[in-house]
Amino acid sequence: MAKAVIAALVARFPDDVYEPYEGVGGDDCAFVRKDGIARVCAFLRADPAMAFNLAPYITAVDYLGAEPRFEVVYNLYSTVRNHRIRLRVKVPESDLEVESVTPVWAGADWFERYCLDMYGIRFPGHPDPRRLLMYDEFVGHPLRKDYPLRGRQPLVPEREVKDLYRGPGPGGRD
Amino acid sequence: MALSLPNDYVVTKLDVLANWVRKNSLWPMPFATACCGIELMAVGASRHDIARFGAEAMRFSPRQCDLMIVAGRVVMKMVPVMQRIWLQMPEPKWCISMGACASSGGVFDAYATVQGIDRFIPVDIYIPGCPPRPEQVLDGLMLLQRKVQNQSHKLIDRPPGPVLPAGGER
């Protein structure tokens, strides 16, 4: 549905936007180079034919074993034009910084904090870069593929529980 | 010099009276974090009525409650808050762990979820279920009432009796 949008985007930013494709269910997606995401997003917001005024979801993916390892996915929607696109930014583990799009969409604030908390991807230019969901004493980024599922970290000392079924302490069974 | 009272009739009956009063006016502090909180609301509603047991006064201030019902999964980030609420409740106080997640972590054996709140606060009654039926919550409340009835008063120096004495409750 937004193929014209993707085509115009590729024409406008031939260096930054590459490999447009149609995803599952008819979503129109494209890859964007990490260095150009800020200007691409600013254009998408400002241009009246694009008019992407809403970023409903910005998240990250960990492809452990692939290089580059991470990917930040921007889902964008225009309430004015009623079209959606998805932009994917590949982020290598050696350079875990993507310029923040919070100046473009204020709603991207918490999504970028979530990506920082869960994956460790930093967003320079973010107004309030701190953890969102986990507590501050938590060490590590839990949604990375190499973080153990049951990697609980104690915050408060525990009582003695004599129990047969549950694992010992916050470490659990891992 | 400790004061030791004999285990005589008057003191025993005062004990029974005080516990009877306490068990029939357990004011819950609904520590509802997740889906079990909805079932707790259903318990407080009209069909399964917790007011029959004197517990309809669900005050959200822990200073005014004597029963904390932890309903729902508790994450490690929430545990200091839960402990603070527990410590703010005045004695005598009891705790019901409602649902599988509060009792043992439930299906969430992951990096954030506490595997049972009894690792952090003392729990009296565990109610299984995901979520437990309101009737099951009321059954747990009634079990707690039996425990309260059989508790000894703290001023009287006597070892506590069994929770469920043989031959039914007094």
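# Salt bridges, rings and the A–B contact

Reader: Hi! Which residues around Asp16(A) are linked in a network of salt bridges?

Author: The network joins Asp16(A), Arg33(A), Asp35(A) and Arg39(A). A salt bridge here is a side-chain nitrogen of Lys or Arg within 4 Å of a carboxyl oxygen of Asp or Glu.

Reader: Thanks. What should I know about the model and its numbering?

Author: This is a predicted model, in which local features need pLDDT of at least 70 and side-chain atom pairs count only at pLDDT 80 or more, while totals for chains, interfaces and linings use all residues. Residues are numbered from 1 along each chain as its sequence is written, chains are lettered from A and ligands numbered from 1 in the order in which they are written, and side-chain values use heavy atoms, with hydrogens and water left out.

Reader: Good. How many salt bridges are there over all chains?

Author: The count over all chains is 21. One of them pairs Lys3(A) with Glu22(A), with the closest N and O atoms 2.4 Å apart. Lys3(A) sits in helix H1 and Glu22(A) in strand S1 of chain A, 19 residues apart, which links distant parts of the chain. Helices (H or I, at least four residues) and strands (E, at least two) are DSSP runs, numbered from the N terminus.

Reader: How does Lys3(A) count: buried, partly exposed or exposed?

Author: Lys3(A) counts as partly exposed at 45% relative accessibility, and Glu22(A) is partly exposed too, with a relative accessible area of 45%. The cut-offs are under 20% relative accessible area for buried and over 50% for exposed, with partly exposed in between (1.4 Å probe, protein chains only).

Reader: And what does Arg69(A) meet in a salt bridge?

Author: Glu93(A), at 3.0 Å from N to O. These two lie in loops of chain A: Arg69(A) between S3 and strand S4 (70-78), Glu93(A) between strand S5 (83-91) and H3, 24 residues apart. Arg69(A) is buried, with a relative accessible area of 3%, whereas Glu93(A) counts as partly exposed at 39%.

Reader: Let's step back. What is the secondary structure of chain A?

Author: Chain A has three helices and five strands, and from the N terminus on its elements run α-β-β-α-β-β-β-α. Its C-alpha atoms fill a box of roughly 65 × 30 × 30 Å along the principal axes. Of the 174 residues in chain A, 47% are buried.

Reader: Now rings. How many aromatic pairs does the structure hold?

Author: Eight, over all chains. Rings of Phe, Tyr and Trp (its six-membered ring) pair if their centres lie within 6.5 Å; planes under 30 degrees apart count as stacked, over 60 as edge-to-face and the rest as tilted. Phe13(A) and Phe43(A) have ring centres 5.4 Å apart and planes at 70 degrees, so that pair is edge-to-face. Phe13(A) is in the loop between helix H1 (3-12) and strand S1 (17-22), and Phe43(A) in helix H2 (residues 37-46), so the pair ties together parts of chain A that are 30 residues apart in sequence.

Reader: Which residues do ring pairs link into a cluster?

Author: Tyr135(A), Phe138(A), Tyr147(A) and Tyr111(B).

Reader: On to the two chains, then. How many residues does the contact take from each?

Author: Chain A gives 27 residues and chain B 19 residues, where contact means heavy atoms within 4.5 Å. About 1,800 Å² is buried between chain A and chain B, and carbon and sulfur atoms give 55% of that. Buried area is the accessible area (1.4 Å probe) that two parts lose on being put together, summed over both.

Reader: How many salt bridges are there between chain A and chain B?

Author: Three. Among them, Arg152(A) pairs with Asp109(B), the closest N and O atoms being 3.0 Å apart, and Glu158(A) meets Arg119(B) at 3.6 Å, N to O. Glu158(A) is partly exposed, with a relative accessible area of 28%, while Arg119(B) is buried at 7%.
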